[in-house]
Amino acid sequence: MTLHLFDTLSRSVRPLRPLDGKSFRFYCCGPTVYGPAHIGNFRTFVMQDVFRRVIEATGLPTRHVRNLTDVDDKTIRGAEAAGQSLSAFTAEWRDAFHADCAALGCRPPHVEPSAVEHLPQQIAMIETLVAKGHAYAADDGSVYFKLSSFPGYGRLSHLDTRELRHGAAVTSDEYENDKESVSDFALWKARKPEDGANFWPSPWGEGRPGWHLECSAMALKYLGETFDLHSGGVDLVFPHHENEIAQSECCTGHRLCEHWFHITHLLVDGRKMSKSLGNLYTLAQLADMGHDAMAVRWVLLNGHYRQPLNFTLDNLAGARSALARLTKSVAALEQHGGQTAPRLTPPVQPAWQALLDDLNVPKALGQIFTLLNETTPATVAPAAAIEMAAGLRFILEETLGLTLPPAIAESTASAPDNVRTLAEKRWAARTAKEWAAADSLRAELGALGWTMKDGKETYTLSPLPSA
RNA sequence: GGCGAGGUAGCAAAGUGGUAAUGCACUGGUCUGCAAAACCGGUAUGCGCGGGUUCGAUUCCCGCCCUCGCCUCCA
């Protein structure tokens, strides 16, 4: 019952055991709240959610901290452009992010600290770093981390300093030309005219914190000097996480965390998402196309987190069918055997083991369908049906966070009067074996967005999918 | 240029030194007036290309082609 997960630093799959023996404490780099998050962002957040759910399903409580980056170049630029205060601007996008997360079935973190509300902690950390000789103030009032003071730099990303220096994109920022070395990164950025009203006092003058610092400071406050795991998208490995390690470990003198969990990027139609390619989707855009968030979650879950996952609309369209089939299967089992609480049962052990083995979600789902194919709900004994249903709910709902729609309820009763009237007419025609009339009435119902299924004694009506 | 990941059926995606899970789509059948749903089947002699090792490779090695990511603030 222990999750084994690949660790970026050691490049090996390792068992996850909490340092304090009681709860699993982990930090996830959260969104920069300056615009709508896209499905690529959500691949990371959904996988982190599954990660958390699996840990919790093993019986281990978690402490999940995920920050909100609400003070940086993009948020300040966005607020200035919108003529809003930074807090009003970021609050709007924070709320949108929360709504998307909720729609995707992600459990909210236990703590969601805001960067701009933790300036004292960040400043204190800089002071410690300066005092210890790991950071220095430049003439303009910016403060930089002195990379040469931390020999361990580059271990996570496996880049040595020589490679860093010769990196293709090493061009010094026009505002960072006071650095002693091009590789040094900003802990505090001196106030600039374009920052507008968004600057704060510090021992080095007015300005704002560097991006990397917020995570170090807030992780320290909410998780302590050393915690269990740190996570984010692969692009954060370098430089963000590398810098966090440098700051935190130089500040506290202790190892930052035991494990690094990085999620590979999502591709769309085989390409990296970008606005210019027009393949950057948000949940809202997909909703407009008739795709609900659970279908999106399904697609995001259907690849191993260390493999590139190719998102296609074609695949998304099929997600609804898959989810509907699961819903019906579970409902049929429960109808046959009865309902009970979700729990880990023998039939779903193969799927559970796949999840414990480096979060192999696609394999787990394959096991679920294999189970379904091998066992027909109607042919199993009631007791076995209960066991299967409980296990399926455990894997699908508790662990993978897939909300099975409440039995696509043949909502005959909820149909509008005109629809019901048409249905009655069709049922009469069908009973009278007037097939042509029955078929044309069915077409009329379809045009109204309803589908009619004939049963033995009566019929059922249900709304067509919204697409 | 450096580091890393990957190329498996129409679309996705697991997986393994012994002969290719699974989902969607498609398709044959049962059922149905016809459908839908459900159920029973089918659909890669093949896993980027060329060599090699091996009794045997999609899985190991070498070379090549292509894609993708990171290389200072993009999940």
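This is a predicted model: local features need pLDDT of at least 70, side-chain atom pairs count only at pLDDT 80 or more; totals for chains, interfaces and linings use all residues.

Student: Which residues come nearest to RNA strand B?

Tutor: Of the 59 residues around RNA strand B, the nearest are Lys 189, Gly 233, Arg 271, Lys 272 and Arg 442.

Student: And how do the residues of that surface divide by class?

Tutor: The surface near RNA strand B has 24 polar, 18 charged and 17 nonpolar residues.

Student: Which helix gives the most to it?

Tutor: Helix α10, residues 313-337, gives the most, with 7 residues.

Student: What part of the RNA atoms within 4 Å of the protein belongs to sugar or phosphate?

Tutor: Sugar or phosphate accounts for 67% of those atoms of RNA strand B, and bases make up the rest.

Student: Which side chains have an N or O atom by a phosphate oxygen?

Tutor: Two examples can be given. The side chain of Gln 307 places an N or O atom 3.4 Å from a phosphate oxygen of RNA strand B. For Ser 321, the corresponding distance from a side-chain N or O atom to a phosphate oxygen is 3.3 Å.

Student: What about a base nitrogen; which residue lies 3.0 Å from one?

Tutor: That residue is Leu 266, through a backbone N or O atom.

Student: Back to α10, then. How does α9 cross it?

Tutor: Helix α9, residues 293-301, crosses α10 at roughly 100 degrees, and their axes come within 8 Å. The two helices are therefore roughly perpendicular.

Student: Which residues meet there?

Tutor: From α9, they are Met 294, Ala 295, Val 296, Trp 298 and Val 299; from α10, Asn 315, Leu 316, Ala 319, Ala 322, Leu 323 and Leu 326. By class, this contact of α9 with α10 holds 10 nonpolar residues, 1 polar and no charged.

Student: New topic: where is Gly 83?

Tutor: Gly 83 sits in the loop between α2 (73-82) and α3 (86-103).

Student: Is Gly 83 buried or exposed?

Tutor: Gly 83 counts as exposed because its relative accessibility is 67%, over the 50% cut-off.

Student: And at what angle do α2 and α3 pack?

Tutor: The angle is about 105 degrees, with the axes 9 Å apart, so α2 is roughly perpendicular to α3. Thr 75, Ile 76, Gly 78, Ala 79 and Ala 82 of α2 make the contact with Leu 86, Phe 89 and Thr 90 of α3. The contact of α2 with α3 comprises 5 nonpolar residues, 3 polar and no charged.

Note on methods. Residues are numbered from 1 along each chain as its sequence is written. Chains are lettered from A and ligands numbered from 1 in the order in which they are written. Side-chain values use heavy atoms; hydrogens and water are left out. A residue is near a molecule or strand if one of its heavy atoms lies within 4 Å of it. A polar contact is a pair of N or O atoms within 3.5 Å; within protein, one must be able to donate a hydrogen and the other to accept it, and residues adjacent in sequence count only if both atoms are side-chain atoms. Helices (H or I, at least four residues) and strands (E, at least two) are DSSP runs, numbered from the N terminus. Ala, Val, Leu, Ile, Met, Phe, Trp, Tyr, Cys and Pro count as nonpolar, Asp, Glu, Lys and Arg as charged, and the others, Gly among them, as polar. Buried means under 20% relative accessible area, exposed over 50%, partly exposed in between (1.4 Å probe, protein chains only). Axes are lines fitted to C-alpha atoms, for helices over the stretch in contact, and angles run from 0 to 180 degrees between N-to-C directions. Angles under 35 degrees count as roughly parallel, over 145 as roughly antiparallel, 65 to 115 as roughly perpendicular and the rest as oblique. Contact means heavy atoms within 4.5 Å.
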